[in-house]
Each structure stands twice: as C-alpha cells, then as structure tokens.
Amino acid sequence: MVEHVFSRATWLNSLHMSALTVALLREADIPASEVLAGTGISEQDLLELQRLVSPEQEQLVYANAVRLAPRPALGLILGLRTRISAYGLLGYAMLSAPTFGEALRIGLSYPVLLGTYFRLALEQEGDTVWLSATGYNEDAGLRAFNTELCLGSLKVIFADLLGQALPLRAVQLDYPAITGMARPYAKGFGCPVTFGAARSAIGFDAGWLSRRLPLADPVTHKEMLEQCRRQNVEFAARRAWLERVRGLLAARLQDPPGLEELARQMNCSSRSLRRHLAQQQTSYQQLLDELRFTRAKEMLQQGDIPIYRIAEELGFSETASLRHAFQRWSGQPPSHFRG
C-alpha cells in the first residue's frame, strides 16, 4: 500500500542546508569561502538567510564539502543535524498534527516545501512501514551523500515529531557498500543496514503510525495547514514561471537570447523580467551560467567529447573562455568533472 508519493521538480531551496554544511566544515577549520566557492552564495547570504538558491547551487556546496572533507558518512552527519524546524511552516504543521502517521502524510503532500532530491513514498508491508527515497536524478557522484542526508534527516524528523527516538527496524540503500561506511551507518541509524537493495528506504514498526503526537494542537494545526497551502501555491507559481525562463534559455545555449528578446518571449518588458528574476534571488546571467555549467558537466561525464566541442555547443568563442568560466563557476578546471 502506497499512501503518498511525490517527485521532485526543479525549484528554489532555502539556504538552511548550505548554512548547516558550512557550519559542519568550519568545525574542521575549513573556511566558508572554500565551501561556497563557485556557488554564487556569499557568507553574508548565510547570515541573513533571506534568499533562495537553485538545486545546482546547493549541490555544488555539497560537492565542495565532499571534496574538502572526505570523511565517511558526511551526508549522514549533516542529516542528523537537520531538525524539523528547518522546514518552517511545514515543520510546524507536522508537529501539531494529531498522529505520527498524519504528520508524515502531510509532509509528503507538500513537495515544494519539503524540497527533497528524491521521490518519497510511504508504504506498509505487513507490520513494517517503509519510507522510501527513489528517483534520484542529480550528480551521480553525490548519490551516497544525498541519500545519507535524506534518510538521516528523516530519522531526526521522526524523533522531533514523537518527542523520542523512533526505533528503526532496518535501512536499505540502493548502492553498493562503500569502504569505511558500515560502522558509521550502523551507529548513525542504530539498526541493520543493507547495501545494494532495490531501493533506499528507512523502516519502522507500523504501530507507530497511530501514535498521538505530544505537540498536537487542532487550532494551530488548522492554521499551519492553511499557511502551507498558500505558500505551496505561491512557490508552485514562481517555479512554473522560472522554469519557463530556464526552458527558453536551455533551448538556445549555443546562441542564447538576449535579455530584451527573452523578455519579449515572456510577454513582459526587460525591466519587469529583471525585477521578477531579482525577486527570486537570481538574474539572467546567473541562470545562463547555471544552465551552461550543468550541460557542460553532462557532456564531460560522457568522457570522450573534446573541450573545444563543448565550448562551441555552449556558445563560447574559444576553449580558454570555457576554462575560465569553469574556474568562476566551481573553482575547478573542466578536467575535474570528466567521467
């Protein structure tokens, strides 16, 4: 029985996870500037926590973290530091729900607000409930990190909702065992961990679904649900508008439309286009850079496409320009991303 499923599209995320990542690496004496290199996120942004960032920016923060601090289960360590309050209104709507099962169903009903990189599903198999995380489509090199982060944060969300740790029956991971991971995984999850499974999932006794929550409050819950609904509609509309802009740019990376032409295609003035992009904490150039960077990494992962061909397809007049762009985007040369 699958109770709720959602898939992730491309939307803007808060800076909360980027800030937590920077804080974690600061403990290892790694400065914020290195963790944020090439992301377009400033240290001041982390202090204010006002702007939103694209998945590409957030993933680059994670990639920098993995490169700078290659410690076992880094994503799990980060996930276990992610409290339910990080999810804002949605977190409070879940906390005030009547039961644990209802809280989980509410969380899965608002994918835009939850902001995951996976397709999540709540499934019951006999007397075990599995919350699975599948459909990962981001950087393959960050698959383990993002899975650890997702399942680790779910473990903390469970505990925050219940006011006590939820005993897990098992954790399944859809990737092979990684050297040095068995012990930190067993310690972090506190249950048997199976690698090479058909899915990544976290399992617990089905009886917990009916458990009353200690912070349940019907008045607060009703108010939080209404605010979540409004915020979800607003975010979805902003996402759809931004995705149209991104789609128009992505279709012409070799010869991108200028700001004026793009504005005409969006049926608005260039001034309005700039203003709308600024309201979503981005710009024409930033979107173009993100799309070019993503496409360049895809081509580099294929392994055999010459750099000059990649430069041509992305609209660069010479390979040197592409190399300079990579240093600006990521602090790394193109060769760093070869498959």
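Student: This is a predicted model; how are helix 4 and helix 14 oriented to each other?
Tutor: The axes of helix 4 (residues 55–68) and helix 14 cross at roughly 60 degrees and come within 10 Å. Angles of 65 to 115 degrees count as roughly perpendicular and angles under 35 degrees as roughly parallel, and the rest, apart from those over 145, are oblique. Helix 4 and helix 14 are therefore oblique to each other.

Student: Which residues of helix 14 make the contact with helix 4?
Tutor: The crossing of these two helices, helix 4 and helix 14, is left-handed. On the side of helix 4, the contact is made by Glu56, Gln57 and Leu60. By class, the contact of helix 4 with helix 14 has two nonpolar, three polar and two charged residues. The residues of helix 14 that take part are Gln286, Glu290, Phe293 and Thr294.

Student: How is helix 14 placed against helix 16?
Tutor: Helix 14 (residues 284–301) and helix 16 (residues 319–330) have axes that come within 11 Å and cross at roughly 110 degrees. An angle from 65 to 115 degrees counts as roughly perpendicular. That makes the arrangement of helix 14 to helix 16 roughly perpendicular.

Student: How many charged residues does the contact of helix 14 with helix 16 have?
Tutor: Helix 14 contributes Asp289, Arg292, Phe293, Ala296 and Leu300, while helix 16 contributes Phe326, Arg328, Trp329 and Ser330. By class, this contact of helix 14 with helix 16 has five nonpolar residues and one polar residue, and the number of charged residues is three.

Student: What is the handedness of the crossing where helix 7 passes helix 9?
Tutor: Helix 7 (residues 100–109) packs against helix 9 (residues 143–162) at an angle of about 135 degrees, with the axes 10 Å apart. That makes helix 7 oblique to helix 9. The crossing of helix 7 and helix 9 is right-handed.

Student: To which class do the residues in the contact of helix 7 with helix 9 belong?
Tutor: Phe100, Ala103 and Leu104 in helix 7 meet Phe158, Leu161 and Leu162 in helix 9. The contact of helix 7 with helix 9 has no polar and no charged residues, and its six residues are nonpolar.

Student: Which residue in the hairpin of strand 2 and strand 3 takes a positive phi?
Tutor: Strand 2 (residues 119–125) and strand 3 (residues 128–134) run antiparallel and are joined by seven bridges. Leu120 stands opposite Ala133 in strand 3. The hairpin has two residues between the strands, and the residue with a positive phi, near 65 degrees, is Gly126.

Student: Which element has the lowest mean pLDDT?
Tutor: The mean pLDDT of the protein is 89, and 96% of its residues reach 70 or more. Among the elements, strand 6 (residues 200–205) has the highest mean, 98, whereas the lowest, 43, belongs to strand 1 (residues 2–6).

Technical notes. Residues numbered from 1 in each chain as written. Predicted model: local features only at pLDDT ≥ 70, side-chain atom pairs only at ≥ 80, totals over all residues. Heavy atoms only, no water. Pairing = 2+ DSSP bridges. Helix = DSSP H or I, 4+ residues; strand = E, 2+ residues; numbered from the N terminus. Axes fitted to C-alpha atoms, helices over the stretch in contact; angles between N-to-C directions. Left-handed = near helix turned anticlockwise from the far one by under 90°. Contact = heavy atoms within 4.5 Å. Nonpolar A, V, L, I, M, F, W, Y, C, P; charged D, E, K, R; others polar. pLDDT = per-residue confidence, 0-100.
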